[in-house]
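Here is a quick walk through the model on your screen.

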Amino acid sequence: MTAELLTSAALAGWSAEFKLIHIAGLVLVTAIWLVTFSLQVPIHNKLPDGFDQILVQKLVLSNWYRTVFWTLKSILGIYLLYQTIQ
């Protein structure tokens with residue numbers, strides 16, 4: 001995740017071509033980090049205290065945010081690849 005964040009920031013800052021696509025990618029990676037560290041890490045930190053079905057459900061549901069963001073980021077990457085090889 002760190003490499004993805006650094007790469008996205010570098011592309012958004014230095015790439016002139018497809019600038020908006022790279023900025024959108026950076027926004028998505030930032031959103032992934034926010035969801036991970038604000039929602040999922042606190043839940044993971046509570047799980048060692050014992051199994052809690054409600055916490056597990058919250059963890060699974062919050063993972064859908066990350067799934068959507070990574071899917072959108074992948075679509076951007078596929079679009080960029082297509083534009084590059086075309």
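## How the helices pack

Helices α1 and α2 pack at an angle of about 150°, and their axes lie 8 Å apart. That makes α1 roughly antiparallel to α2, a label used for angles over 145 degrees, with under 35 being roughly parallel, 65 to 115 roughly perpendicular and the rest oblique. The axes are lines fitted to C-alpha atoms, for helices over the stretch in contact, and angles run from 0 to 180 degrees between N-to-C directions. Helices themselves are DSSP runs (H or I, at least four residues), numbered from the N terminus. The crossing of α1 past α2 is left-handed, that is, the near helix is turned anticlockwise from the far one by less than a right angle.

Before going on, a word on what you're looking at. This is a predicted model, where local features need pLDDT of at least 70 and side-chain atom pairs count only at pLDDT 80 or more, while totals for chains, interfaces and linings use all residues. Residues are numbered from 1 along each chain as its sequence is written, and side-chain values use heavy atoms, with hydrogens and water left out.

The protein chain averages a pLDDT (the predictor's confidence in each residue, from 0 to 100) of 94, and 100% of the residues score at least 70.

Next comes α2 against α3 (residues 53-85): they pack at about 165°, with axes 9 Å apart. These two are therefore roughly antiparallel as well, and α2 passes α3 in a left-handed crossing. Sorted by class, their contact has 18 nonpolar, seven polar and four charged residues. Here Ala, Val, Leu, Ile, Met, Phe, Trp, Tyr, Cys and Pro count as nonpolar, Asp, Glu, Lys and Arg as charged, and the others, Gly among them, as polar.

## Aromatic pairs

How many aromatic pairs does the structure hold? There are two, counting rings of Phe, Tyr and Trp (its six-membered ring) whose centres lie within 6.5 Å; planes under 30 degrees apart are stacked, over 60 edge-to-face and the rest tilted.

| Pair | Centre to centre | Angle between planes | Class |
|---|---|---|---|
| F18 and Y79 | 6.5 Å | 85° | edge-to-face |
| W33 and F37 | 5.2 Å | 45° | tilted |

F18 sits in the loop between α1 and α2 and Y79 in helix α3, so this pair ties together parts that are 61 residues apart in sequence. W33 and F37 are four residues apart in helix α2, separated by about one helical turn.

How open are these side chains? F18 is partly exposed, at 26% relative accessible area; the term covers what falls between buried (under 20%) and exposed (over 50%), with a 1.4 Å probe and protein chains only. Y79 is partly exposed at 39%, W33 at 24% and F37 at 46%.

## One last residue

Q83 is in helix α3 and is partly exposed, with a relative accessible area of 26%. The C-alpha atoms of Q83 and L5 are 22 Å from each other, and the two residues are 78 residues apart along the chain.
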